[in-house]
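Subject: Structure handover

Hi,

Here is the structure I promised you. Please open it alongside this note, as I go through it piece by piece.

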Amino acid sequence: GSLRQQLIYPDTVAEMHEKGTTDKDLLSIMTSLDLNSLLSLPPKEGKENASSGLDSLQNWPDILSTGTQQRLAAARLFYHSPCYAILDECTSSLTPSIETLIYTEAKKRNITLLTVSHRRSLWQYHTRILQFDGKGGAVFGVLDAEKRLGLEDEREELEAKLRGVEGVERRIAELSAV
C-alpha cells in the first residue's frame, strides 16, 4: 500500500479524515521520527509514473530496515494515540536519541506504555516493573530505575569477579598438584 496507508493502518483514508487528521499531521509525525526520506523514495520497479510522498507505493517490508520499521510503527502509534500500548522490543534497532523521542512523545500524548524489553535504558520511562524469574515466579512492584541500574551494575561486576575466581581456583589446584 501507500506510505499513508502504512501510517494510518488499520484506518482507511476516509476514517483518517473523519478523525480530523490531515496529511500535514502525518508529515509532522514523520518529521519528528526522522522519516522524511521515505517521502522521496524512487517509484516501485515497473511503476515509473507512480506517485511519491504519502502516495508512494512500495513493497515496504523489503525496502525498510528494522530500525525504520520500528520508527514507522512509532509513527502509527502516534497517529492512533491509544490510551494504552504494549511495546515488545520496540526500540531494539533504534538509537538512544530516537528511543528517548518515542517515549517522551508517548508520554506527551498520554499513552500509557507497557514495555517488554531487555534494554535497561527503557527503565527510566516506567514506574512499575514485572520481572519473571525463569522458574515460574514473578515479582511486580515499584521501579526505582536509578537504584535498580546501580544494583544491576554491581551484580554484573560481582559476576565478573566470580568468573575470575574459577581461574584462580584452577591455578591453585595446578600448583598444589606439583
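Predicted model: local features only at pLDDT ≥ 70, side-chain atom pairs only at ≥ 80, totals over all residues.

The expected span of a helix is 1.5 Å times one less than its number of residues.

**Helix α6**

Helix α6 covers residues 96-108, which makes 13 residues. At 1.5 Å a residue they should span 18 Å, and the end C-alpha atoms are 18 Å apart, so expectation and model agree.

Which residues of α6 are buried? They are Ile98, Glu99, Ile102, Tyr103, Glu105 and Ala106. Viewed down the axis of α6, the buried residues fall within an arc of 165 degrees, so they line one face of the helix. The general rule behind such a pattern: an α-helix has 3.6 residues a turn, so residues three or four places apart point the same way.

The face turned away from the buried side of α6 carries Pro96, Ser97, Lys107 and Lys108, which are exposed. The cover over the buried residues of α6 includes α5, β1 (84-88) and β2 (112-116). After α6 comes asparagine 110, which has a positive phi, near 60 degrees.

**Threonine 68**

Now to α5, which runs over residues 66-80 and contains threonine 68. Is threonine 68 buried or exposed? Its relative accessibility is 12%, so threonine 68 counts as buried; the cut-off for buried is under 20%. The side chain of threonine 68 makes a polar contact of 3.1 Å with the side chain of arginine 71. Beyond its neighbours within four places in sequence, threonine 68 is in contact with Leu35 and Leu38.

**The largest pocket**

The largest pocket holds about 1,000 Å³ of space. Its lining has 31 residues, and the closest to the pocket centre are Thr115, His126, Arg128, Ile129 and Leu143. Which elements each supply at least two residues of that lining? They are α6, β2, β3 (128-132) and α7 (145-176).

**Arginine 171**

Helix α7 also holds arginine 171. With 45% relative accessibility, arginine 171 counts as partly exposed, because that class lies between 20% and 50%. A polar contact of 3.1 Å links the side chains of arginine 171 and glutamate 174. Aspartate 34 is 137 residues from arginine 171 along the chain, and their C-alpha atoms are separated by 55 Å.

Best wishes

Note on methods. Residues numbered from 1 in each chain as written. Heavy atoms only, no water. Helix = DSSP H or I, 4+ residues; strand = E, 2+ residues; numbered from the N terminus. Buried < 20%, exposed > 50% of the residue type's maximum accessible area, 1.4 Å probe, protein only. Polar contact = N/O pair within 3.5 Å; in protein donor to acceptor, adjacent residues only side chain to side chain. Contact = heavy atoms within 4.5 Å. Arc of directions from axis to C-beta. 1 Å grid on protein atoms, 1.4 Å probe; cavity = no way out; pocket = protein on both sides within 12 Å on 5 of 7 lines; lining within 4 Å. Points joined across faces, edges and corners; volume = space filled by probe spheres on them.
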